[in-house]
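Reader: I have a model open on my screen and I'd like to learn how to read it. Could you walk me through it?

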Amino acid sequence: VLLDCSGVWRYRELILPAPEQYVISRPEGNTNLYPVGMENCPVGRAGHRHIGAYAGLETFFLKHEGENPSGSFKDRGMTVGVTMAHMLGAKAVACASTGNTSASLASYAAQAGMRGIVFLPGGNVAKGKLAQSLAYGAQTIQISGDFDDAMRLVEQVCNELGIYLLNSLNPFRVEGQKAIGFEILQQLDWQAPDWLVLPAGNLGNTSAIGKAFRQAYQLSLINQIPRIACIQAEGANPFYRSFMQNFARKESVQAQTVATAIKIGDPVSYSRARQVIEETEGVVEMVSDMEILAAKAVIDRAGIGCEPASAATLAGVRKLVDRGIIKHDERVVGILTGNLLKDTVTGLPEPESMVIEPTFDAVRK
Ligand code: F0G
């Protein structure tokens with residue numbers, strides 16, 4: 001029963017046929033796919049239709065992965081990664097993170113009664129995410145370095161100390177994350193969209209969703225493979241740089257962006273993601289921090305809301321439609337990767353500055 005309630009374990013034959021007693025699940029998935037295009041948005045949801053108008057699309061869906069138990073898409077891979085750690089009898093699990101993987105790891109490790117250890121770039125993790133890993137009781141280690149430093153460090157720590165590594169280098173995490181792709185296809189009655197658009201940092205999600213679509217196609221569940229568009233922040237754009245030179249070589253940069261979740265200069269899953277872009281005739285686009293914050297405001301005002309990195313999806317769709325790469329009548333699904341409440345500061349007004357006197361005059365003013 002539990003397994004079929006989960007938007008990941010429901011697809012276990014295509015992910016990991018784990019014995020039920022080992023499965024660590026909250027359960028995850030079953031997130032909304034909001035119809036927000038100018039044509040496919042239901043009458044009476046004018047707020048949602050603004051998103052489609054902003055994108056310039058008639059048929060547009062947003063898959064809100066921020067509706068997962070810990071507030072991001074990471075739960076889909078984590079349930080499978082922690083289940084595997086459980087099957088192997090691991091006592092401790094670890095990851096490097098920009099905040100969401102660590103929040104998810106902390107939650108699932110706590111559920112399993114394992115020790116969770118997370119390595120974070122000090123001062124560069126949104127407070128909501130930091131609060132989660134602390135509250136769930138993970139050993140929270142902030143380093144004086146960036147995500148790429150944390151990534152190198154956690155690999156060394158795991159090798160030396162025999163701790164189970166749960167970054168997206170871990171193949172079982174990628175297997176679980178494929179479920180985003182399967183669930184989108186199922187919600188669309190297995191009528192594959194023309195495009196799938198998502199924000200890209202370490203490139204694990206791109207790899208996973210690409211693999212899901214490939215498998216669904218090979219099993220004849222769908223009769224076309226969607227083109228995948230990865231959106232990077234302008235200041236954290238190594239994958240975009242590689243794409244612009246036909247993947248002649250892997251690039252790395254010193255990352256800088258307000259979207260801290262995707263502030264990554266040296267992506268770990270480069271090769272797998274490159275293969276996905278090539279196979280699906282995909283594209284890689286970049287957007288500025290201003291474009292990210294403008295798109296976030298549109299999603300927030302529609303009453304849906306998301307964290308800054310997720311808004312790169314809408315900013316990227318708008319740009320690709322503008323450039324004629326995505327046609328305005330194509331069917332497009334965009335992924336919102338994280339919940340609004342993860343980051344209550346970036347791009348939002350300071351609430352204290354808006355306190356008024358408790359008088360009718362002040363209200364009228
Ligand atoms: N969006 C959000 C909200 C994320 O947290 C991440 C990655 C991405 C997009 C990019 O996905 O790395 O698979 O290309 N967050 C990781 C973390 C790095 O540690 O939470 P990706």
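Author: Start with the domains, whose bounds come from an automatic or database domain assignment. The C-alpha centres of domain 1 and domain 2 lie 24 Å apart. Domain 1 covers 33–70 + 171–342, and domain 2 covers 73–165. Keep in mind that this is a predicted model: local features need pLDDT of at least 70, side-chain atom pairs count only at pLDDT 80 or more, and totals for chains, interfaces and linings use all residues. Residues are numbered from 1 along each chain as its sequence is written.

Reader: How many residues does the contact take from domain 1 and from domain 2?

Author: Two residues are in contact if their C-beta atoms, placed from the backbone, lie within 7 Å. Here 26 residues come from domain 1 and 26 residues from domain 2. On the side of domain 1 that touches domain 2, helix α7 (residues 171–187) gives the largest share, eight residues.

Reader: And where does the ligand lie relative to the domains?

Author: Look at who supplies the shell: both domain 1 and domain 2 give residues to it, so the ligand lies between them. A residue counts as near if its C-beta atom, placed from the backbone, lies within 6 Å of the molecule. There are 22 residues around the ligand, and Ser 97, Asn 100, Asn 202, Thr 337 and Gly 338 come nearest. Helices α4, α8 (204–218) and α12 (308–322) each supply at least two residues of that shell.

Reader: What counts as a helix, and how well does the span of α4 agree with what it should be?

Author: Helices (H or I, at least four residues) and strands (E, at least two) are DSSP runs, numbered from the N terminus. The expected span is 1.5 Å times one less than the number of residues. For the 13 residues of α4 (residues 100–112) that gives 18 Å, and the end C-alpha atoms are 18 Å apart, which agrees.

Reader: Is α4 mostly covered or uncovered?

Author: Call a residue buried if 20 or more other C-beta atoms lie within 10 Å of its own, exposed if 12 or fewer, and partly exposed in between, with C-beta atoms placed from the backbone. By that rule 10 of the 13 residues of α4 are buried. The cover includes α3 (74–87), β3 (92–96), β4 (115–121) and α5 (127–135).

Reader: What does UniProt place at Lys 74?

Author: An unreviewed UniProt entry places "modified residue: N6-(pyridoxal phosphate)lysine" there; such annotations may be inferred rather than shown by experiment. Lys 74 sits in helix α3 and is buried, with 34 other C-beta atoms within 10 Å. Not counting residues up to four places away in sequence, Lys 74 touches Asn 100, Thr 101 and Ser 104.
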